[in-house]
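Please open the structure in your viewer and keep the sequence beside it.

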Amino acid sequence: MTLILELPEELEASLNREAERLHVPAQEVVLNALQKELRQDLDRAERIRRNAGIIALVEEWKREVQDPANQESLEDVFKSMNDNRIANGERELFPAELKGITW
């Protein structure tokens, strides 16, 4: 495929400097940049596709945590964890004064 581009002077100068620095034709610099950019988009799309299941699971967890019906059970879990830690001489993970700030 042949592609003709009108580049702004600053971009053309940058392109030529990079080509000189790499000792390659300017066309090769452009081709390499395009390949790298397009590959990154494909890599990102592939990562999203591969991770679709875990993304859906995390989204479900987020909805559950935000559901007011689950709030009481979450607080019970936090209280149990705190009680267990206190019984073992450790600090609370979920101190009441930080509710709404860190948990």
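The model is predicted, so local features need pLDDT of at least 70, side-chain atom pairs count only at pLDDT 80 or more, and totals for chains, interfaces and linings use all residues. Residues are numbered from 1 along each chain as its sequence is written, and side-chain values use heavy atoms, with hydrogens and water left out.

**The whole chain**

Begin by selecting the protein chain, which holds four helices and zero strands; helices (H or I, at least four residues) and strands (E, at least two) are DSSP runs, numbered from the N terminus. Read along the sequence, the pattern is α-α-α-α.

Colour the chain by accessibility next. Of its 103 residues, 7% count as buried. Buried means under 20% relative accessible area, exposed over 50%, and partly exposed in between (1.4 Å probe, protein chains only). Among contacts between residues at least 6 apart in sequence, 7% join residues at least 24 apart, where contact means heavy atoms within 4.5 Å.

Select residues 9-22, which form helix H1 and include Glu12. The 14 residues of H1 should span 20 Å at 1.5 Å a residue, and the end C-alpha atoms are 20 Å apart, which agrees; the expected span is 1.5 Å times one less than the number of residues. Glu12 is partly exposed because its relative accessible area is 41%. Draw a distance from Glu12 to Glu60: their C-alpha atoms are separated by 49 Å, and the two residues are 48 apart along the chain.

Move on to His23, in the loop between H1 and helix H2 (26-50). His23 has a positive phi of about 60° although it is not a glycine. Most residues other than glycine have a negative phi. With a relative accessible area of 72%, His23 is therefore exposed.

**Helix H4 and what follows**

Which residues are in contact with Asn82, leaving aside its neighbours within four places in sequence? Select Asn82 in helix H4 and display Glu92, Leu93, Phe94 and Pro95, which are those contacts. Asn82 is buried because its relative accessible area is 6%.

Asn88 lies in the segment after helix H4 (68-87). Its relative accessible area is 52%, so Asn88 is exposed. The C-alpha atoms of Asn88 and Arg50 are separated by 42 Å, the residues being 38 apart along the chain.

**The largest pocket**

Finally, select Leu3, Leu5, Ala26, Gln27 and Val30, which lie nearest the centre of the largest pocket among its 14 lining residues. On a 1 Å grid over the protein atoms alone, a pocket is an open set of points where a 1.4 Å probe fits, with protein on both sides within 12 Å along at least five of seven lines; lining residues have an atom within 4 Å of a point. The largest share of the lining, six residues, comes from H2.
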